[in-house]
Every structure is written in C-alpha cells, then in structure tokens.
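Please read the points below with the structure open beside you, taking them one at a time. They are a colleague's notes, written for someone new to this kind of reading.

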Amino acid sequence: MVNADPARTPTLAMFANPDYYLQTGSTSCTASGVGTSYKSPNCVYQTDSYAWDHGDYAAEVNSNYVGFVGPGVKHLGLDGPAANQGPDSAGANSGLTVVSDYHLPGPWVDETDIRPTMMYLLGLRDDYEHDGRVITQILSYPNFALSQPGVTALGECYKQLNSSVGEFAADTLQADTNAIESNTAGDSEYLRVDAQLRGLEVARDQLAGQIKGELEDAAFRDKPIFGTAQQTGACQALIKAASALSNSTSS
Amino acid sequence: MRLTAVAASAVLVGGLCAVGTVTSGLASASPVKAHSARGDGDSCHLANGIKHVVQIGFDNVHFFRDNPNVPSDLELMPNLLNFIEQNGVMLSNNHRLPG
C-alpha cells in the first residue's frame, strides 16, 4: 500500500474480522445495533444471502503455497504444514488469528520470493531490486555467497521483519490498533505508541533495505555478505522491540 | 529440461489459470526486461540446462483443507500434487498480502 507515490499512501488502512466485509457506507450511520441490509441506518448489518470468508489480516487467508520442480531445485517433497495442519477459520472468532502466531514448519515464503527464485534458477536477473529473496533452502546448487553460514538465517529474519504478515508487521499492526482504540487524556497513549511506531518504521526501513540489497547482491552477483550474525541480531532486536511495544498496549 | 512453478492465490475472484511456455532465446518471464546473469546481453542462455519454463497460477484453489474431514482442492488433484512433491518441493508456509 506504500509505493513511490506518497499521494497514494492511505491515511488509514482497515482490516476487518475474517468474516466481515468492509465497504463505503453512510457517514451518518448508527453505531449501535446490527441492521439487516446495507440500506439500513446501522453501520453494521448481517445478511444470510451472502457469506464472506476471505477477509483480511487472518492466518487462513494469508497462507498459501508454491511448488517448484526442475533443475537446481532440491527434492524436498512437502516442506511446510500438511494439508490438514494449516490455519483455518473453524472455532471461535472465525479464525481471527495471524500467521506469525502459528510458527508453521518449513521455510517462510512470501509471494514476492517467487520471482527472484525463478530468476535465480534460470540464471537471469532483473533490472530492478526484488522485495523478496531467493528461497535458499530449496536450492541444490547455491552460489558461493548464498551458501555462506548465516545467509539463510539472515534471510529468514528479513522475512519476519519485512513480510506484510510477519512478526514485525503483526505486532506493529496490533500496537497501532490498540493505540487507536485507546481513550486517554489528550490522546497521550495514541501519541506515545505512534511516536514509537515511527521510530520502528525508520529503523525497519533502514535495516530491511540494507539486508534486501545484500541478499540481492549475494544471489545475482555472488557478492558475499559480511556481518550476517550482527545483522541478524539487529533484525531480531527490532522484531522484539515491536513485540514489546505491542505488549505495552492493551487490546 | 523444464522448470515448473505452481502457485496459488486465495483471493475470491473469478477463476484464472495461466500457463506460460518460454523457450531458449525468448526468455522474458514478464514485461520487465530480464538480463542473463552471465552478461550475455540479448542472447539468453538459461542456467542448469533449462529450456522451458512452465508457470501455473491457481486462483482460489486451496492446498489446506477448509474442512478437516474433506480433502482440499489440491489433494483432489493427486497427479499434480504427487508430481511436485516427488520431483521438487511444495512450500506450504507461503504467504500473501492481506486482501
């Protein structure tokens, strides 16, 4: 949602419960009560004519799969949770859980990782820097730079720092949500959390941008990464800081 | 030699299945220009002896079971699932943007 054009950055992004559907309504709707039609004066309505089960920031919806077969790809079979072990929306709150709470087995992968991995396997490179990383865990023949100790661990931490549904994202989203819902004199709680979020954002952008460039250079230029342990430590510290901020707010 | 990638999106929109075949000398996996890592300019030589790329994208075709007692969409495609798992890797800890 944030790209090179700041005019396109939303002021407020809303994520509803998994079985909720958000749409533009009347600005004068009634906050209390539940209506039966989108034409009702209530801000929230229920209907039995339509079921939405694919929203939003929820583990079931945010979990997916990708398969690779071909030269240069390890024969690993299923590397991740089995079909009957994935997040689902059964039970209370319609699956209102986040991916990072599950600690699923297998390499954490985002869809942004597919393109660079394909390009690496093909021996091609793009003329731009990928947001994702080459999935080193599946490579039969990683190059010198990618096969160095600590590189995969750095990539794994980068995922949790930069993935939109990783640990850092989930914790900062929770902290921000709690801050918006807080009701303190002078909005002091909101302002406190917002200031810390801004600090985390700046630190995250700096470190994630650095790691991203290094992983790209390692994959496509075979350039070794120095200080992987230190950078992984810094990455983990940022994730812990986000978790601490989330825990300091009350939901 | 062939490289195959299968990915899916859980977005609830109309069905979409795209299959692309790229042969040596025509390697452009997207409108963005791709360069050979070996610096060969426009004469493209794919690594690992690869000659063809098949990329299949599924929309709203699930690997995970929606109901624990009912096989998932991919489990109902055993030929495809077995092909991937026996010849490469199926990564099910994959994630997408909230939508």
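1. In chain B, residues 24 or more positions apart account for 66% of the contacts with a separation of 6 or more. Please keep in mind from here on that this is a predicted model. Chain B has one helix and five strands, and from the N terminus on its elements follow the order β-β-β-β-α-β. Of the 99 residues in this chain, 24% count as buried.

2. How many residues of each chain take part where chains A and B are in contact? On the side of chain A there are 54 residues, and these are in contact with 49 residues of chain B. The elements of chain A that each supply at least two residues to this side are α1 (59–62), β3 (63–69), β4 (77–79), β5 (109–110), α2 (114–122) and β6 (124–126). Strand β3(A) gives the most, with seven residues. Sorted by class, the side of chain A that touches chain B has 29 nonpolar, 16 polar and nine charged residues.

3. The two chains are also joined strand to strand, and the direction deserves attention. Six bridges join β3(A) to β5(B), and these two strands run antiparallel; within this pairing, the bridge partner of A:V69 is B:G88 in β5(B). Strand β5(B), which covers residues 88–95, is also joined by two bridges to β5(A), and here the strands run parallel. A:V109 stands opposite B:N94 of β5(B).

4. Strand β3(A) is mostly covered, for seven of its seven residues are buried. In a regular strand the side chains alternate between the two faces of the sheet. Which residues of β3(A) lie on each side? A:S63, A:Y65, A:G67 and A:V69 are on one side, A:N64, A:V66 and A:F68 are on the other, and all of these are buried, so that both faces of the strand are covered.

5. The largest nonpolar core has 64 residues, and those with the most contacts inside it are A:V66, A:F68, A:L122, A:Y158, A:L161, A:A219 and A:C235. To take one of these, A:L161 touches A:G166, A:F168, A:R204, A:L207, A:A208, A:C235, A:L238 and A:I239, when residues up to four places away in sequence are not counted.

6. Helix α4(A), residues 167–181, has 15 residues and reaches 21 Å from its first C-alpha to its last, which is close to the 21 Å expected at 1.5 Å a residue. Its buried residues are A:E167, A:F168, A:A169, A:A170, A:D171, A:T172, A:L173, A:A175 and A:A179. What covers them includes α3 (151–162), α5 (188–221) and α6 (228–248) of chain A.

7. The buried residues of α6(A) are A:T228, A:Q231, A:C235, A:L238, A:I239, A:A242, A:L245 and A:S246. Why do the buried residues of α6(A) line one face of the helix? Seen down the axis, they fall within an arc of 120 degrees, and therefore they line one face. An α-helix has 3.6 residues a turn, so residues three or four places apart point the same way. The face of α6(A) turned away from the buried side carries the exposed residues A:A229, A:Q230, A:A237, A:A244 and A:N247. Cover for the buried residues of α6(A) includes α3, α4 and α5 of chain A.

Notes. Residues numbered from 1 in each chain as written. Chains lettered and ligands numbered in written order. Predicted model: local features only at pLDDT ≥ 70, side-chain atom pairs only at ≥ 80, totals over all residues. Contact = placed C-beta atoms within 7 Å. Helix = DSSP H or I, 4+ residues; strand = E, 2+ residues; numbered from the N terminus. Nonpolar A, V, L, I, M, F, W, Y, C, P; charged D, E, K, R; others polar. Pairing = 2+ DSSP bridges. Expected span 1.5 Å × (residues − 1). Buried ≥ 20, exposed ≤ 12 C-beta atoms within 10 Å, placed from the backbone. Core = buried A, V, L, I, M, F, W, Y, C linked by C-beta atoms within 7 Å. Arc of directions from axis to C-beta.
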